[in-house]
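Open your viewer, switch to a cartoon view and follow along. We will go from the whole chain to a sheet, and then to a helix.

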Amino acid sequence: MTQAVASKETAQHGLTEHSDGDWANRIPVQTRSDRPKSTDVADFAEVTGREAVWKYTPVAKLDALLNGELDGSRLPVSVTDIAGVTSEWIARDDSRIGRAGTPEERGSAAAWSAFGEAHLVTVSSEESVTAVITRDSLDAAPRAAHTVIEATPNSQGLVIIENTGAAQLSENLEIVVGDGAKLTVVSVQQWNEEAIQLASHFASVGRDASLTHIVVSLGGGVVRLNPSIHLDHEGANGEALGAYFADAGQHLEHQVYMDHDAPHTRSRVTYKGALQGEGAHTVWIGDVLIRNNAAGTDSYEQNRNLVLTEGTRADSIPNLEIETGDIEGAGHASATGRFDDEHIFYLQSRGISAEEARKLVVRGFLAEVIAKIGDAATEERLQAAVDAELAGSVR
């Protein structure tokens, strides 16, 4: 199962080795595609917090997940029983594991090294179906998990992962979208206020297939969820959407990677967040790579943050690498700002209270993402959760 890197030292220090083997000329990794990869945690040095991929993260709070012994036994989960969706546990050496991606950092590799069995959910219906994976019975013990969601060719489905309660969880999620399939995967984080989650989501999108990946992060003390979507077949389409709301002392981090590795692929990335309370911290890093064989690519990424109070911090870093000039378009944008006082004044002039006006503005700001989920009950519940965040009645 282990996919080794070219050298253990390259992974530990984030270095690239020249083809002549001249170690005197080793240089730090400069591009996303050059990062060393391995499923073995021993191939990565201990995290100090100075590394590029960890420098915005409160790594001291993650010591048990990065350096400790993780329980890799089956997670307590339930899956909607519906025709066209199957759920099973498979051994870690099963050939259906490892198809969507490989860890690029220690947290992901630690989880990969520790899990015993993987949870496989397969969508095979050609009529659209909805399945919910519920995870609400974890505890605070450090755990590792591995999940595979596969959409067979020409299938259609929506899979919602509901995360609530206590957790100290490090996990990898693989998403494999077969040719011609259309899949939406939604990961909802509504953990309790002490929960810690490290998650790496890897996706491979087939020929003329489409993946919509949606992240909604509302709860948890530290949540770091990093999606990597690989458009490695001609005509593949990928959308990465995110909505998050950080309260006092809460850290919500999302590092998104969109990899165009085939001709005529398309991607859109939109993440939107709100912050309130002393010490609320959000991190968004967006990497888009258009490889030299990805002619005809159409790509755009954006991040918007709405600051509601003093004492918050939003880090937003878009990155774009283009290796070919034969593309349809590529761009990125990032903005962080406060409420528009004119919007609030306008609503108040129409008889709406300041509190209700504030709620309406934030709801509208995040609704662009939440409304894309495609399940009315989930969308309504999450909008209500945003209202509760604003009222200060949760967290």
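Predicted model: local features only at pLDDT ≥ 70, side-chain atom pairs only at ≥ 80, totals over all residues.

Residues are numbered from 1 along each chain as its sequence is written, and side-chain values use heavy atoms, with hydrogens and water left out.

Next, colour by burial: 54% of the 395 residues count as buried (under 20% relative accessible area, with a 1.4 Å probe and protein chains only).

Now select the open sheet of nine strands, in the order β3-β6-β8-β10-β12-β14-β16-β18-β20 with mixed pairing; two strands pair if DSSP finds at least two bridges between them. Look at β3 (78-79) and β20 (329-338): they stand at the edges with a single partner strand each, so one side of each has no neighbour in the sheet.

Zoom in on β16 (residues 266-275) and β18 (residues 298-307), which pair in the parallel sense over ten bridges. Pick A274, and you will find its bridge partner L306 in β18.

Finally, select helix α6 (residues 376-391), which has 16 residues. Which strands does α6 touch as it packs on the sheet? They are β8 (156-165), β10 (182-191), β12 (210-219) and β14 (237-246), with contact meaning heavy atoms within 4.5 Å. Show the buried residues of α6 too, including L382, V386 and L390.

Definitions and conventions
Helix = DSSP H or I, 4+ residues; strand = E, 2+ residues; numbered from the N terminus. Expected span 1.5 Å × (residues − 1). Buried < 20%, exposed > 50% of the residue type's maximum accessible area, 1.4 Å probe, protein only. Axes fitted to C-alpha atoms, helices over the stretch in contact; angles between N-to-C directions.
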